[in-house]
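Let's take a walk through this model together, stopping at a handful of residues along the way.

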Amino acid sequence: PTPQFFYGMEKGLEIAAEIEPGKALIIKFLALSEPHPDGMRTVFFELNGQPREVSVRDKSLQVAATSRVKADPAQPGQLGAPIPGVISSIAVETGQKVKKGDRVLVMDAMKMQTTVYAPVDGAITKIAVQVSQAVEPKDLLLVIG
């Protein structure tokens, strides 16, 4: 309905949203979480009687966005994250020599582990991430000099 579309729903309000002739979704707004540090909130609701939750960005909050350094594809020694995920282990240390194909770290993404290998021979000159840190695609992981 138009009022809920423009002004949102009140806690406990239940509406029917017709998605096509003869088909409607029953939506009941239950609760809204406190803001998360990243400017997101969790919305709790029922969809056709089934409890659901979704994370949404709260545009009314001013969050200091921290952007991570991206790997430069022109520099073969800069290793970027292949996928979004969380760093689960780092197998190298600064100053350690590695060969092309050596395992340098492991990432977790969607309940699967991805091993990241050294793209070139050299020594680790910089490790830009820590264990348990979330990364986005192409974020700089480490530098091989």
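Start at Asp58, whose side chain makes a polar contact with the side chain of Arg41 at 2.5 Å. A polar contact here is a pair of N or O atoms within 3.5 Å; within protein, one must be able to donate a hydrogen and the other to accept it, and residues adjacent in sequence count only if both atoms are side-chain atoms. Before going on, please note that this is a predicted model, in which local features need pLDDT of at least 70 and side-chain atom pairs count only at pLDDT 80 or more, while totals for chains, interfaces and linings use all residues. Residues are numbered from 1 along each chain as its sequence is written, and side-chain values use heavy atoms, leaving out hydrogens and water.

The side chain of Asp58 also makes a polar contact with that of Ser60, at 2.6 Å. You will find Asp58 in the loop between strand S4 (50-57) and strand S5 (78-80); helices (H or I, at least four residues) and strands (E, at least two) are DSSP runs, numbered from the N terminus. Is Asp58 buried or exposed? Asp58 counts as buried because its relative accessible area is 17%, and buried means under 20%, exposed over 50% and partly exposed in between (1.4 Å probe, protein chains only). Setting aside neighbours within four places in sequence, Asp58 is in contact (heavy atoms within 4.5 Å) with Gly39 and Arg41.

The side chain of Asp139 reaches the backbone nitrogen of Glu136 at 2.9 Å. Apart from neighbours within four places in sequence, the contacts of Asp139 include Arg68, Val69 and Lys70, as well as Leu79, Gly80 and Ala81.

Now move to Leu47, in strand S3 (residues 40-47). With 22% relative accessible area, Leu47 is partly exposed. Which residues does Leu47 contact, leaving aside its neighbours within four places in sequence? They are Leu25, Ile26, Ile27 and Arg52. The C-alpha atoms of Leu47 and Lys28 are 6.7 Å apart, although 19 residues separate the two along the chain.

Finish at helix H1 (residues 2-7), which holds Phe5. Phe5 counts as exposed because its relative accessibility is 67%.
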